[in-house]
Amino acid sequence: MAGVQTAVALREQGFTGPLTLIGAEPHQPYDRPPLSKAILLGKAEDSAFEIDFEDLGIELRLGLDVTGLRAADHEIDTEAGPVAYDTLVVATGAHPLTLPGTEGVPGVHLLRTLDDAVRLGPVLERRHSVVVVGAGWIGAEFATAAREAGCAVTVVEAADRPLAGALPAEVAAPMAEWYGANGAELLTHARVDTVEPGAPGRVVLADGRELPAEAVVVGIGARPATDWLAGSGIALDPSGAVTADDRLRTSLPDVYAVGDCASFPSARYGERLLVHHWDNALQGPRAVAAAITGTADVPYDPVPYFWSEQFGRFVQYAGHHADADELLWRGDPADEAWSVLWLRAGVPVALLAVGRPRDLAQGRKLIEAAVPVDPERAADPSVPLKAAAR
């Protein structure tokens, strides 16, 4: 997504020079959100971008691994030999984390690529019993699709709640109820010890419990795909992400980084952010293209945004709530639709909306403009959020 959008944005912003897009996967560039939905359920064969790369003068080099970067020579190394560049944009995304000890074990799956989704399709078609490791966004989305296909689903989460790394306990608590209400079993405080293949196989937990599993799907997070940059001299943060500046420039001359592989400083939130979501891979490329072409010189400081479709609910989140000092509920979390608004010194900094897209749209604008709100009115779900502005 980030690489494709950067190439397209460069053309849109007037770049007329040679433009090469290199990708390790052999497939035409594709969008990822349908992988956990339509493609997984067999409702679509692929999600290729409807972009005429030839018409845009973008050379595609697919199925080509890039193995290194030599900044002094302005070259990258690939399996097919070196490739020279005037300007390089690193958009290598992230790799899903694997469950230790399960590499190569039959029946253990990840869900990140088109090939992953294609391999998982028959699991759903045959209504296998599935154990999902990790109750994060991807775990919930896969569990949703597997239940829709008629699979028996058990989700195991090492933390005390789903989405432990993303949301505070009081917000995640009502979301935990969605699993059982949709026929999926959620086990928290559950660490996987071993996965034993077989027909069926089984997942053995650290406390000795055994779960039958014809398939195991691992969704425990992702790490920036930057190992190939070892020895290049490019600066990385402790997570492995490229430390880009507020124009998404890296520590090396003429090298930019965008998307899941890069962190950037946010003046809005006073910290460096690493955003592994689709919207960042759409917005960041426009900033990179503007910096390369010189069409604009403004810092990249977005309000992060993402969405998730799970258990019949449309969940949206905008902002970053780490420094919030007040949390307001809009509606009853036992209902189908509700929202949570985070404030810092009376100003909205983040919003989670479940089935309330209008709250999201209005809240996002308040966050972007840093408009203070009246907390009492903002906590009343019958009052439009924009009407709570002071």
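Biologist: Leaving aside neighbours within four places in sequence, which residues is histidine 321 in contact with?
Modeller: This is a predicted model, where local features need pLDDT of at least 70 and side-chain atom pairs pLDDT 80 or more, while totals for chains, interfaces and linings use all residues. Residues are numbered from 1 along each chain as its sequence is written, and side-chain values use heavy atoms, without hydrogens or water. Contact means heavy atoms within 4.5 Å. With those neighbours set aside, the partners of histidine 321 are Ala166, Leu167, Pro168, Trp342, Val349 and Ala350.

Biologist: Is histidine 321 buried or exposed?
Modeller: Buried means under 20% relative accessible area, exposed over 50%, and partly exposed in between, with a 1.4 Å probe and protein chains only. Histidine 321 has 17%, so it counts as buried.

Biologist: Which side chain makes a polar contact with the side chain of histidine 321?
Modeller: A polar contact is a pair of N or O atoms within 3.5 Å; within protein, one must be able to donate a hydrogen and the other to accept it, and residues adjacent in sequence count only if both atoms are side-chain atoms. Here the distance is 2.7 Å, and the partner is tyrosine 317.

Biologist: Where is histidine 321 found?
Modeller: Helices (H or I, at least four residues) and strands (E, at least two) are DSSP runs, numbered from the N terminus. Histidine 321 sits in the loop between strand E22 (313–319) and strand E23 (326–330).

Biologist: How far apart are the end C-alpha atoms of helix H2?
Modeller: The expected span is 1.5 Å times one less than the number of residues. H2 (residues 114–125) has 12 residues, so it should span 16 Å. The model agrees, with an end-to-end distance of 17 Å.

Biologist: What arc do the buried residues of H2 cover?
Modeller: In H2, Leu114, Asp116, Ala117, Leu120, Gly121, Val123 and Leu124 are buried. They lie on the same side of H2, because their arc around the axis is only 165°. The arc is that of the directions from the helix axis to the C-beta atoms. The value is 165°.

Biologist: Which elements do the buried residues of H2 pack against?
Modeller: Past its end, H2 is followed by arginine 127, with a positive phi near 55°. The packing partners of its buried residues are strand E8 (108–109), strand E9 (130–133), helix H3 (137–148) and strand E15 (215–218).

Biologist: What radius of gyration does the protein have?
Modeller: The radius is taken over C-alpha atoms, and the globule rule is 2.2 Å times the number of residues to the power 0.38. For 390 residues, a compact globule would therefore be near 21 Å; the protein agrees, with 22 Å.
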